[in-house]
Amino acid sequence: MKLTKANLKKLIKEVYEEDQEASEREMRLRRTSDAVDMADDYHSDDEDKISVKELKDGLRGIFKDEKMVEELVAKILGGAHGEDVDDFVSKRM
């Protein structure tokens with residue numbers, strides 16, 4: 001391929017789009033991981049166990065969709081742990 005101004009712009013655009021996709025994947029993974037950690041903290045047996053309010057507030061800090069937060073809180077209060085939370089969040093994002 002001959003390196004022309006048009007080809008260079010096209011390559012830059014492709015690299016930028018790939019970088020954006022990678023960043024979005026990383027954000028989804030980070031949010032999922034944070035939600036799993038919140039569920040584990042809620043179900044913890046030690047003195048650092050978080051309250052339902054702290055759980056809700058923490059999940060609101062991770063997700064902006066209030067309906068998703070409420071559904072996730074209900075799942076966690078119903079006994080959902082790490083893998084269940086991971087599956088739920090992965091399907092919703």
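Modeller: Happy to! The protein has 4 helices and 0 strands; helices here are DSSP runs of H or I with at least four residues, strands are runs of E with at least two, and numbering starts at the N terminus. This is a predicted model, where local features need pLDDT of at least 70, side-chain atom pairs count only at pLDDT 80 or more, and totals for chains, interfaces and linings use all residues. Residues are numbered from 1 along each chain as its sequence is written, and side-chain values use heavy atoms, leaving out hydrogens and water.

Now to the core. The largest nonpolar core has 19 residues. Such a core is a set of buried Ala, Val, Leu, Ile, Met, Phe, Trp, Tyr and Cys residues joined through side-chain atoms within 4.5 Å. Buried means under 20% relative accessible area, exposed over 50% and partly exposed in between, with a 1.4 Å probe and protein chains only. Among the residues with the most contacts inside this core are Leu55, Phe63, Leu72 and Val89. Each of α1 (5-43), α2 (52-62), α3 (66-77) and α4 (82-92) supplies at least two core residues.

Look at Val89: leaving aside residues up to four places away in sequence, Val89 touches Thr32, Ala35, Phe63, Met68 and Leu72, where contact means heavy atoms within 4.5 Å. Over the whole protein, 24% of the 93 residues count as buried.
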